[in-house]
Amino acid sequence: MAVITSEFEIASSLPASKFFNAYRDFNNIAPKVDPETYKTLVDIEGDGGAGTIRDISFGDGVPFTNGKLKLDVVDSNNFSIIYTIFEGDILMGQLDSMTHHVKFIPSHDGGCVYKPTVVYNCKGETQLPEEALNMVKEGFKKTFNAIEGFIHANPQTY
């Protein structure tokens with residue numbers, strides 16, 4: 001099985017705790033601020049912590065319609081969430097799974113650095129095209145920026 005890893009970083013003036021809390025509430029905030037990407041996210045098993053299974057319906061702005069993920073880790077002390085997408089057309093018929101490591105690293109100025117790392121577990125020796133990797137990366141950035149804008153506009157939240 002081929003494994004491909006992709007990561008990047010974005011600095012923000014907002015504290016890591018605010019972003020972490022917003023991402024813990026991803027089911028509610030993502031469809032509100034980025035409906036082109038997310039129609040709905042529904043927990044179908046679990047309480048929102050590690051082990052929770054979540055059903056995703058994607059919006060019209062992406063070339064897939066559905067996915068299912070499992071929250072592997074929700075670490076409030078280290079502001080990190082790890083989840084694995086294991087089902088749905090988001091896997092593009094080329095992946096067994098995608099594991100997302102999302103971390104908010106506090107910075108010295110009171111803000112944070114958003115650092116998502118995606119591990120693509122490919123079927124056989126499949127290699128994902130660069131366009132697919134860039135699409136996921138740009139999607140992460142778009143949603144992050146939308147959430148950041150929402151928190152700036154609503155500082156009492158999270």
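How many bridges pair E7 with strand E8 (residues 112-122), and in which sense do the two strands run? In this predicted model, E7 and E8 pair in the antiparallel sense over 11 bridges. Within this pairing, Lys103 has Lys115 of E8 as its bridge partner. Five residues lie between the strands of the E7-E8 hairpin, where Gly110 adopts a positive phi near 95 degrees. On E7 (residues 95-106), pairing also involves strand E6 (residues 80-87), to which E7 is joined by six bridges in an antiparallel arrangement.

The largest nonpolar core comprises 44 residues, of which Phe19, Tyr23, Phe104, Tyr114 and Tyr120 touch the most other members. Helix H3 (residues 130-153) makes the greatest contribution to this core, supplying seven residues. The surroundings of Tyr114 were examined individually. Beyond residues up to four places away in sequence, Tyr114 is in contact with Phe8, Glu9, Ile10, Tyr23, Val102, Lys103, Phe104, Phe140 and Phe144.

Helix H2 (residues 26-33) has Phe26, Asn27, Ile29, Ala30 and Pro31 as its buried residues. These buried residues pack against helix H1 (16-24), strand E3 (38-45), strand E4 (53-58) and H3.

Seven salt bridges are found in a search of the whole structure. In one of them, the side chains of Lys115 and Glu9 meet at 4.0 Å, N to O. Because Lys115 belongs to strand E8 and Glu9 to the loop between strand E1 (3-7) and strand E2 (10-12), this pair ties together parts that are 106 residues apart in sequence. Lys115 has a relative accessibility of 24% and therefore counts as partly exposed.

A salt bridge also forms between the side chains of Lys142 and Glu36, with an N to O distance of 3.2 Å. Lys142 is located in helix H3 and Glu36 in the loop between H2 and E3, so that parts 106 residues apart in sequence are tied together by the pair. Both residues are partly exposed: the relative accessible area is 37% for Lys142 and 42% for Glu36.

The side chains of Glu87 and Lys68 likewise meet in a salt bridge, at 3.4 Å from N to O. Glu87 lies in strand E6 and Lys68 in strand E5 (residues 66-75), and the pair links these distant parts of the chain across 19 residues. Glu87, at 40% relative accessibility, is classed as partly exposed.

Terms used. Residues are numbered from 1 along each chain as its sequence is written. This is a predicted model: local features need pLDDT of at least 70, side-chain atom pairs count only at pLDDT 80 or more; totals for chains, interfaces and linings use all residues. Side-chain values use heavy atoms; hydrogens and water are left out. A nonpolar core is a set of buried Ala, Val, Leu, Ile, Met, Phe, Trp, Tyr and Cys residues joined through side-chain atoms within 4.5 Å. Buried means under 20% relative accessible area, exposed over 50%, partly exposed in between (1.4 Å probe, protein chains only). Helices (H or I, at least four residues) and strands (E, at least two) are DSSP runs, numbered from the N terminus. Contact means heavy atoms within 4.5 Å. Two strands pair if DSSP finds at least two bridges between them.
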